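Reader: Please show me the structure. I will then ask about it one part at a time.

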Amino acid sequence: MGRLMCAVSDPVVVFVTHSGIEASVVGSLLDAHGIHAAVHANVSATVLPLNRSALGAVRVTVRAEDAEQATRIIADYRRAEHDGPAVRLRDEFDTLSASLGYRFRDPGLLEHALTHRSRANEDVTGGVLDNESLEFLGDAVLGFVIVAMLFDRYPDRDEGQKSKLKAALVSTATLAKLAERLRLGDHLLLGRGEEKTGGRQKQALLADTYEAVIAALYLDGGLDAARDFIVREFGDLMRDCAAVGGMGDDHKSVLQEQLQSRGDPLPEYVVVGETGPAHRRVFQVELRVRGEAVAVAEGRTKKDAEQEAARLGRQALSE
């Protein structure tokens with residue numbers, strides 16, 4: 001929640017928040033009234049302590065001679081909103097928090113987790129940060145908790161069996177399905193370009209956001225909050241996956257059998273694109289049958305992208 005502030009130095013801080021988007025909107029409000037506002041993000045260099053936002057404080061400043069008017073504009077806007085905050089985080093965040101089974105002490109962390117790089121890239125103030133660092137942290141937290149669960153639940157399984165189970169549980173397809181169940185796509189903060197290209201339905205994007213949300217839970221409530229969420233989400237899924245050997249849906253094998261029954265040659269999987277930072281690459285794979293493109297899919301590994309392309313290809317060939 002932002003709060004009004006006024007300082008005597010130049011420039012003058014008139015608004016402080018942990019939400020980059022909240023600060024950006026306040027800055028736009030002041031700009032609309034002819035007051036030049038600057039947004040300054042104080043990004044923490046560490047993810048600790050766990051109960052603080054990694055984004056840190058975001059400050060809106062104006063020239064000293066504009067400070068009094070800027071403070072009045074923000075206060076007037078607050079009164080116009082029935083004494084609510086100057087800029088509220090989206091109401092649907094409350095719905096998402098209920099789905100997560102967790103109430104954030106710092107709602108800015110959840111907002112940060114839902115902010116795609118396309119949204120941050122379109123923000124000219126520099127006050128909006130994307131969720132990629134949270135994805136990286138969430139991936140580590142998820143992996144640790146899943147391994148601990150497998151260790152406790154299946155002590156008689158060997159390392160290879162547990163590795164296969166872990167790979168199936170944290171795959172792009174699995175995380176995307178869990179994200180869809182939480183309707184994360186409805187809450188994503190996307191740039192205009194990503195919105196137009198169907199970003200809310202992209203499996204790799206949903207999987208990454210799911211991990212970012214896990215990181216937000218970890219930072220806000222510690223390991224217990226993150227573990228409780230993961231156990232709820234993966235408990236039954238782990239049992240079902242273990243019952244079938246951890247293979248999950250092998251769409252590539254099914255597609256191959258489908259093609260062979262029709263007398264078609266084996267399918268080809270061709271990597272046609274790579275995006276994202278080095279530690280979070282997203283691969284785009286095209287499925288070809290008899291040299292013709294049948295489907296294109298994305299995944300955080302080539303294997304995941306191939307499986308999704310095979311799934312889409314099965315659908316296309318069955319139509």
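Reader: Over the ring of which residue does the charged end of Lys-252 sit?

Author: This is a predicted model: local features need pLDDT of at least 70, side-chain atom pairs count only at pLDDT 80 or more, and totals for chains, interfaces and linings use all residues. Residues are numbered from 1 along each chain as its sequence is written, and side-chain values use heavy atoms, with hydrogens and water left out. A charge sits over a ring if NZ of Lys or CZ of Arg is within 6 Å of the ring centre and within 35 degrees of the ring normal. The charged end of Lys-252 is placed like this at 4.9 Å from the ring centre, and the ring is that of Tyr-269.

Reader: Over the face of which residue does Arg-157 lie?

Author: Here the charge comes from an arginine, Arg-157. It lies 5.2 Å from the centre of the ring, which belongs to Tyr-154.

Reader: How many aromatic pairs does the count come to?

Author: Rings of Phe, Tyr and Trp (its six-membered ring) pair if their centres lie within 6.5 Å; planes under 30 degrees apart count as stacked, over 60 as edge-to-face and the rest as tilted. By this rule the number of aromatic pairs is 3.

Reader: Why is the pair of Tyr-102 and Phe-104 classed as it is, and what is the class?

Author: The ring centres of Tyr-102 and Phe-104 are 5.0 Å apart. Their planes stand at 90 degrees, so the pair is edge-to-face.

Reader: Are Tyr-102 and Phe-104 buried or exposed?

Author: Buried means under 20% relative accessible area, exposed over 50%, and partly exposed in between (1.4 Å probe, protein chains only). Tyr-102 has a relative accessible area of 17% and Phe-104 one of 6%. Tyr-102 is therefore buried, and Phe-104 is also buried.

Reader: Which residues form one aromatic cluster?

Author: Tyr-210 and Phe-234 have ring centres 6.4 Å apart and planes at 70 degrees, so this pair is edge-to-face. Tyr-210 is buried, and so is Phe-234. The cluster consists of Tyr-210, Phe-234 and Phe-229.

Reader: Within what arc do the buried residues of H7 fall?

Author: Helices (H or I, at least four residues) and strands (E, at least two) are DSSP runs, numbered from the N terminus. In helix H7, residues 159–169, the buried residues are Lys-162, Leu-165, Ala-168 and Leu-169. Taking the directions from the helix axis to the C-beta atoms, these residues line one face of H7, because they fall within an arc of 125 degrees.

Reader: Which helices do the buried residues of H7 pack against?

Author: Packing here rests on contact, which means heavy atoms within 4.5 Å. The partners of the buried H7 residues are H6 (132–153), H8 (172–181) and H11 (203–243).

Reader: Is Lys-164 buried, exposed or partly exposed?

Author: Lys-164 lies in helix H7. Its relative accessible area is 41%, so Lys-164 is partly exposed.

Reader: What do the buried residues of H8 pack against?

Author: The buried residues of H8 are Thr-172, Thr-174, Leu-175, Ala-176, Leu-178 and Ala-179. They pack against H6, H7, H9, H11, S7 and helix H13 (302–318).

Reader: What phi does Arg-290 have?

Author: Arg-290 is placed in the loop between S6 and S7. It counts as exposed, at 57% relative accessibility. Arg-290 is not a glycine, yet its phi is positive, at about 55 degrees.
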